[in-house]
Amino acid sequence: MNSQTEQIRTEARRLLESGEVSVVIGYGPGSTPARATPVFVRRAEDVDRLFWSPACAQNLALYVREQAGRGKVAVVAKGCDARSIATLIQEKQIRREDVHIIGVSCSGVVDPGRLAPAGLDEGTLKSLAAENGGLKADCGDGEVPLEREAVLKRACLFCDTPVPPLSDTLIGEAPPLQPAADQTLPEDLDARREFWAEQFSKCVRCYACRQVCPACYCKECFTDRLPVGWVSKRIAGPENWMYHTTRAFHLAGRCVGCGECERVCPAGIPIQTLMRRMASEVDALFGYRAGMDPDAEPVLATYRDDDDGPAE
């Protein structure tokens with residue numbers, strides 16, 4: 001058992017035994033060492049269901065809104081998860097006093113879908129562990145180092161907040177990371193439009209990107225409203241373009257870059273490339289990064305008389 005797992009279980013046991021929280025949302029082992037599954041622990045004697053490893057990919061903020069309505073909850077949170085929780089607090093979806101954040105410093109999580117292209121047989125994987133900012137795996141022949149760039153969730157390669165900016169308990173120290181340079185998009189607008197048209201043409205409108213996003217919590221998504229004259233459920237270029245661009249604008253100033261949308265996309269659309277570009281524009285215009293301060297006003301929910309006009 002690694003030290004992070006031990007500390008998470010200790011804190012979860014303390015919170016449940018004291019009655020401070022009614023449930024601890026964390027990670028449990030999945031079907032292979034490269035996969036984890038969300039678990040909801042309600043009794044102190046069940047805390048051994050919790051664990052921590054580089055397989056803990058899901059953004060658990062997704063479950064906080066629903067659970068926080070039933071009493072105070074604790075949640076295991078990476079840097080991106082904590083930023084999502086801060087955004088939910090800013091948008092008054094949850095109250096800060098209703099959530100206890102068990103923050104875990106994170107050096108990146110694995111995307112199981114990238115293991116095979118990296119030459120790793122997930123079926124023979126015996127263990128997966130993080131060490132000093134690196135990764136190592138054992139497929140039965142002893143531990144070998146893994147190339148982070150080859151197996152991490154792509155969003156983790158660009159992460160600059162490995163330590164949760166918001167937590168009540170913090171586990172682990174800041175790992176030595178160097179965010180990678182982002183994917184270069186064509187400067188020519190027609191070429192860029194062609195790039196995204198090709199990407200969006202692959203979309204099968206399964207909405208997995210929406211369902212896994214903690215910021216997509218509308219009771220009724222615009223795509224589910226029928227009839228709507230300007231967008232339909234038809235899987236076709238213009239409709240797909242409308243869906244993805246509308247969603248990107250809806251998440252501008254709100255997306256924290258956890259990359260879950262991209263990880264679960266069955267078509268391999270580089271959704272986070274678009275989201276990071278939107279986040280970069282918001283940062284340049286307003287000096288604002290989503291989810292860094294739960295007390296800040298949401299950037300696009302405020303107006304000042306000296307704000308630039310849309311043509312400036």
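**View 1. Overall dimensions of the chain.** The chain has a radius of gyration of 20 Å, which agrees with the value near 20 Å for a compact globule of 312 residues. This radius is taken over C-alpha atoms, and the globule rule is 2.2 Å times the number of residues to the power 0.38. Along the principal axes, the C-alpha atoms fill a box of roughly 55 × 45 × 40 Å. This is a predicted model: local features need pLDDT of at least 70, side-chain atom pairs count only at pLDDT 80 or more, and totals for chains, interfaces and linings use all residues. Residues are numbered from 1 along each chain as its sequence is written, and side-chain values use heavy atoms, without hydrogens and water.

**View 2. Secondary structure and burial.** Nine helices and eight strands make up the secondary structure. Helices (H or I, at least four residues) and strands (E, at least two) are DSSP runs, numbered from the N terminus. Of the 312 residues, 49% are buried (under 20% relative accessible area, 1.4 Å probe, protein chains only).

**View 3. Helix α9, residues 271-286.** The 16 residues of α9 reach 23 Å from first C-alpha to last, close to the expected 22 Å. The expected span is 1.5 Å times one less than the number of residues.

**View 4. The buried residues of α9.** Ile271, Gln272, Thr273, Leu274, Met275, Arg276, Met278 and Val282 are buried. Their cover includes α5 (189-200), α6 (208-211), α7 (237-250) and α8 (260-264).

Methods:
Buried means under 20% relative accessible area, exposed over 50%, partly exposed in between (1.4 Å probe, protein chains only). Contact means heavy atoms within 4.5 Å.
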